[in-house]
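Student: I am new to this protein and would like a short walk through it. Could we begin with the overall layout and then go inside?

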Amino acid sequence: MTDHPFHFTLPIAKADGALRTVWGWASVTVEDGRPLVDAEGDTIQTDELVRAAHAFMAHSRRGAAGHADGGEDIPAVGTVVESLVASPAIQDALGIDLGQEGWFVGIRIDDDAVWAAALAGDLPALSIGGVARRVAL
């Protein structure tokens with residue numbers, strides 16, 4: 001098996017000017033009880049997303065303003081300051097049912113040009129990228 005890149009893009013849910021922070025879903029794995037299929041026809045299991053989100057928060061927390069092919073380094077424009085993977089267990093513990101499972105984040109944007117673009121609606125979504133290994137289920 002080979003690793004393959006993936007990208008998810010989801011709308012920004014909220015922005016706060018005083019905090020220079022935007023919030024939204026970084027990834028959704030299940031919606032209305034069904035696995036969400038990405039543009040390449042793949043799905044991510046929520047337990048795998050939990051592991052990936054925890055690793056990202058432990059080792060990076062870096063927000064960038066785009067994706068690169070081939071692993072080029074993109075300058076950081078902000079920092080992930082909030083992170084919650086809304087798994088079934090977490091939703092049960094909180095006494096909520098969101099109708100979906102996934103990773104919700106808050107990103108503080110430090111770059112003035114990127115913040116202005118977000119406020120102007122030119123960057124209306126959060127997008128994550130990564131590399132995954134395809135496995136047959």
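Tutor: We shall take the overall layout, then the core, then one serine. This is a predicted model, where local features need pLDDT of at least 70, side-chain atom pairs count only at pLDDT 80 or more, and totals for chains, interfaces and linings use all residues. Residues are numbered from 1 along each chain as its sequence is written, and side-chain values use heavy atoms, with hydrogens and water left out.

Student: How many helices and strands are there in the protein?

Tutor: The protein has 3 helices and 7 strands, in the order β-β-β-α-β-β-α-β-α-β along the sequence. Helices (H or I, at least four residues) and strands (E, at least two) are DSSP runs, numbered from the N terminus.

Student: Which residues have the most contacts inside the largest nonpolar core?

Tutor: They are V22, V85, W103, V105, I107, I109 and L126, in a core of 15 residues. Such a core is a set of buried Ala, Val, Leu, Ile, Met, Phe, Trp, Tyr and Cys residues joined through side-chain atoms within 4.5 Å. Its largest share, 4 residues, comes from β6.

Student: And where does S87 lie? Is S87 buried or exposed?

Tutor: S87 sits in the loop between β5 (76–86) and α2 (88–94). S87 counts as buried because its relative accessibility is 11%; buried means under 20% relative accessible area, exposed over 50%, partly exposed in between (1.4 Å probe, protein chains only). A polar atom of the S87 side chain lies 3.2 Å from the backbone nitrogen of I90.

Technical notes
A polar contact is a pair of N or O atoms within 3.5 Å; within protein, one must be able to donate a hydrogen and the other to accept it, and residues adjacent in sequence count only if both atoms are side-chain atoms.
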